[in-house]
Amino acid sequence: LTLTKHFDGDDGKWTTTDTCVDIGKWNHVAITYDADAVGNDPIMYVNGKQIAITEDTTPTGTRNTDASNDLVLGNYSDGGSSTFDGVIDMIRFFSDIRTESEIRSNMFSQLSSSEGGLVAQYVFDEGTGGNGDTTADSSANSNTGTLGPAGNAPNWVGAGTFTYGTSTLKMTGTDKEIVASGTSEFYDLEI
């Protein structure tokens, strides 16, 4: 994972020290960062655990404002060829820095629109759409997103959202093991 933040001197760039994302499996990734001072480093979490990072480039100067720019996910804003090759289930942005405890307790949940500090929440549950179509922001801020640049529409996968009480969990691996603490409920479990 890499985070780059633009400053009027040198841009800051941080990467994870080790490979931390399991290819072919769902991963929850969270990054917190306060760009108000060049001495601040981001904190990166994968599946609720803080991971080691390396500061590749130390930022200098004052952070550049990006308030007038579009926020582009899964590619560079110039439409380059560094597209994300994977599946994204949900993206959230906050105006505050989330604690490790908040990240862990909310990483598998869709938050209510009144969640404190929630700027945008895209759950990508429309199931259809393409170039120029939109994805709804389920926060209270109505920051509607646009899907795909011209000629590069996203592909919807799966049959929509997981619905408690009606969806089936199919365990198809060889281990077929569930590790849980406390009380766990399953509607329909196929092993």
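Q: Is Glu102 buried, partly exposed or exposed?
A: This is a predicted model. Glu102 has a value of 26%, so the residue counts as partly exposed.

Q: Which residue forms a salt bridge with Glu102?
A: Side chains of opposite charge can pair when their charged atoms come close. Here the partner is Arg98, with the closest N and O atoms 4.0 Å apart. Arg98 is buried, at a relative accessible area of 8%. Salt bridges with shared partners link Asp96, Arg98, Glu102 and Glu115 into one network.

Q: What is the N to O distance between Asp96 and Arg98?
A: Their side chains meet in a salt bridge at 3.4 Å. Asp96 is partly exposed, with 34% relative accessibility.

Q: How many salt bridges does the whole structure hold?
A: The search finds five. One of them joins the side chains of Asp36 and Arg63, at 3.1 Å from N to O. Asp36 sits in the loop between strands S3 and S4, and Arg63 in the loop between S6 and S7, so the pair ties together parts 27 residues apart in sequence. Asp36 is exposed at 61%, while Arg63 is partly exposed at 39%.

Q: Which residues make up the largest nonpolar core?
A: In soluble globular proteins, nonpolar side chains tend to be buried together. In this chain the largest such core has nine residues: Leu3, Phe7, Trp14, Cys20, Tyr33, Ala35, Met44, Val46 and Ile51. Take Met44: leaving out residues up to four places away in sequence, Met44 touches Leu1, Leu3, Trp14 and Ile51, among others.

Q: Where is Leu1 found, and which nonpolar patch includes Leu1?
A: Leu1 lies in the segment before strand S1. Its relative accessible area is 35%, which makes Leu1 partly exposed. With Val29 and Ile31, Leu1 forms a nonpolar surface patch of about 210 Å² accessible area.

Q: Where is confidence lowest, and where is it highest?
A: Check the chain average, then the elements. The mean pLDDT is 77, and 69% of the residues score at least 70. Strand S12, residues 188–190, has the lowest confidence, with a mean of 52. Strand S6, residues 53–57, has the highest, at 94.

Note on methods
Residues numbered from 1 in each chain as written. Predicted model: local features only at pLDDT ≥ 70, side-chain atom pairs only at ≥ 80, totals over all residues. Heavy atoms only, no water. Patch = residues over 30% accessible without salt bridge, like charges linked within 9 Å, V, L, I, M, F, W, Y side chains within 5 Å. Areas by Shrake-Rupley, 256 points an atom, 1.4 Å probe, with all protein chains shown as cover. Helix = DSSP H or I, 4+ residues; strand = E, 2+ residues; numbered from the N terminus. Buried < 20%, exposed > 50% of the residue type's maximum accessible area, 1.4 Å probe, protein only. pLDDT = per-residue confidence, 0-100. Core = buried A, V, L, I, M, F, W, Y, C linked by side-chain atoms within 4.5 Å. Contact = heavy atoms within 4.5 Å.
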